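Dear colleague,

Please read them with the model open beside you.

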Amino acid sequence: MSSPKKTTSRKVAEPMQVETATKQQPQQARAQDTFELILDTAGRLLDEVGLERLSTNLVCRRAGLSPPALYRYFPNKYAILRELGDRLMALQDQAVLEWIDEGGLQTKSFEEEVASNVRLQERVNDITRQFPGNIFVLRALRAIPILREVRLASSDMVAERIADAMKAQGHPASRERLIASARLTTELAYSAMEMVLEEPERDAHQICTDVSKMIATHYRQLRD
């Protein structure tokens, strides 16, 4: 009887040990072009090959860059994904904050509230749809532990701004309750957005309308 073969276990890096910070920001125009080329190429590759198959080597080959040129700015693919995630969250956050400043929360009827929410949902959907690698960047921020803080920080900031705006308008619920509700409804809006992006054959406007009715109903129930 032969003795069992010895197996060697491979050490897998713990996710929290992976560096995700950009090494340096480009200063000169040529360096900025290279930086943007890396991000644009990575975003387009995400649309083609998905999250799992994306690699720094693949980005280099497609962009026509040497690995050292990429590693000057990004230590690994997770740093690229983080930069893409930061940018997408910033664009989405800006749309929400502009909506608040434009009076998006200042509605007089349920119908007005739904219509206002639909405008915001469709605006954020359009921003996300135009972003290279859109749905895959969102998945990365949700599924990869070391990147979740990007999405959570964005959600926390937006929730606090929504809660403060609603309190300023005299909403009777506590600020803490409104923040929790804003976080909850943000997750609901994200689910609707993912459905729109992943299933383009569905009626996007109807999905936005339905989720907006759910959100408006929730906030009205908080007043009771």
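A helix here is a DSSP run of H or I with at least four residues, numbered from the N terminus, and its expected span is 1.5 Å times one less than its number of residues. Please keep in mind that this is a predicted model, in which local features need pLDDT of at least 70 and side-chain atom pairs count only at pLDDT 80 or more, while totals for chains, interfaces and linings use all residues. Residues are numbered from 1 along each chain as its sequence is written, and side-chain values use heavy atoms, leaving out hydrogens and water.

Helix α7, residues 148–168, has 21 residues and reaches 30 Å from its first C-alpha to its last, close to the 30 Å expected. Its buried residues (under 20% relative accessible area, with exposed over 50% and partly exposed in between, for a 1.4 Å probe and protein chains only) include Val-150, Arg-151 and Met-166. The buried residues of α7 pack against α4, α6, α8 and α9, with contact meaning heavy atoms within 4.5 Å. After α7 comes Gly-170, whose phi is positive, near 90°.

Helix α6 also holds Arg-139, which counts as partly exposed because its relative accessibility is 35%. Leaving aside neighbours within four places in sequence, Arg-139 is in contact with Ile-144 and Glu-198. The C-alpha atoms of Arg-139 and Gly-85 are separated by 9.9 Å, although these residues lie 54 residues apart along the chain.

Methods: Helices (H or I, at least four residues) and strands (E, at least two) are DSSP runs, numbered from the N terminus.
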